[in-house]
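User: Please take a close look at a single part of this model and describe its surroundings in one connected account.

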Amino acid sequence: MKDKKLEANLSMIASRVMAGLNMNALKFLLPLWLGALTGVTMRCIFAAVMFWITGWFVKEAPVTKRQQMKLFCLGAFGLYGFMFCYLLGISKTTPVSSAIFNSMQPIWVFLISVFFLQEKATLMKIIGIALGFGGALLCIITQGSDDLAHDAFTGNILCMISSLVFAVYLIVSKKLLEKVGVVTMMKYIFGGAAVMGLIVSSIVGWDAPLFVDAWHGRWHWMVWAVLAFVLIFPTYISYFLVPIGLKYLKTTVVSIYSYLILVVTTVTSLLLGQDRFSWTQAVAIVMICISVYFVEVAERKKT
């Protein structure tokens, strides 16, 4: 079991590093080379195809029609809903700000557990939640729109909503993983997300200047390389690793790994000039980190 937990922790580290770099890659692509919703559809279709191909080589226990439908709906509404808000948000704000809101996942997981799973709410956890939301509010109120974030307020709100949706996704996925294999789960989840993406894209239209330029013989190889990275690593491989972490770790522990995203995104953003790190962002990060300590780590030590 110790080896399985080590494997799960290593899987989450690798997954969250990819997810951190994903924010910077998406900021490079959106919206200049790829529309946000078109990007969501492309990622979902690519991952669905890859997981179904992977399923041909991995033998897992068969699932019932009821389980298939649950997984399909989780993908259509949970995973697609997360990506919908996430990509729209990051196209309007900066990578560091989006990572700040992404790091609120442990707080959302705890709140959902209190309201729906009868987890006890102690004074320390309540203080932690207040600090976390205070940090998020500070980031939302103080960040103005500029050349790096053309609509920071809307982008930050969308990123915060996406972190809530992903927290719900983690909790439901954890429960479904008790009876379903990892590859089986992901191929039906991404299948549902891909169908939802095609429906939405058929309504709002396809927005992909990158493909239009390629059609006219103008190939931007750096852009294509970044797109390939997003599709293969943060989408297919990263989402393949998350269920491995969920299988052997608590949902709250998995959600705490979102702080690795914040570290990777912040360092990369400053190196690439994708963000101007402000004191309000620093204070917001500190407040949210302390809040998760109160909600999870300190309370566990106390008990």
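User: Where does Asn 102 lie, which residues does Asn 102 touch, and how do the axes of helix 4 and helix 6 cross?

Analyst: The model is predicted. Within it, Asn 102 belongs to helix 4, which spans residues 95-102. Asn 102 has a relative accessible area of 5%, which is under the 20% limit, and therefore counts as buried. The side chain of Asn 102 forms a polar contact of 3.0 Å with the side chain of Gln 105. Leaving aside residues up to four places away in sequence, Asn 102 is in contact with Met 23, Ser 163, Ser 258 and Ile 261.

The helix that holds Asn 102 also meets helix 6, residues 123-142; the two axes come within 10 Å and cross at roughly 155°. Because this angle is over 145 degrees, helix 4 is roughly antiparallel to helix 6. The crossing of helix 4 with helix 6 is left-handed. On the side of helix 4, Ser 97, Ile 100 and Phe 101 take part in the contact, and on the side of helix 6, Ala 136, Cys 139 and Ile 140 do. By class, this contact comprises five nonpolar residues, one polar residue and no charged residues.

A separate feature concerns the backbone. Leu 30 and Pro 31 are joined by a cis peptide bond, with omega about -10°. Most peptide bonds are trans. Pro 31 sits in the loop between helix 1 (2-29) and helix 2 (36-57).

Notes: Residues numbered from 1 in each chain as written. Predicted model: local features only at pLDDT ≥ 70, side-chain atom pairs only at ≥ 80, totals over all residues. Heavy atoms only, no water. Helix = DSSP H or I, 4+ residues; strand = E, 2+ residues; numbered from the N terminus. Buried < 20%, exposed > 50% of the residue type's maximum accessible area, 1.4 Å probe, protein only. Polar contact = N/O pair within 3.5 Å; in protein donor to acceptor, adjacent residues only side chain to side chain. Contact = heavy atoms within 4.5 Å. Axes fitted to C-alpha atoms, helices over the stretch in contact; angles between N-to-C directions. Parallel < 35°, antiparallel > 145°, perpendicular 65-115°, else oblique. Left-handed = near helix turned anticlockwise from the far one by under 90°. Nonpolar A, V, L, I, M, F, W, Y, C, P; charged D, E, K, R; others polar.
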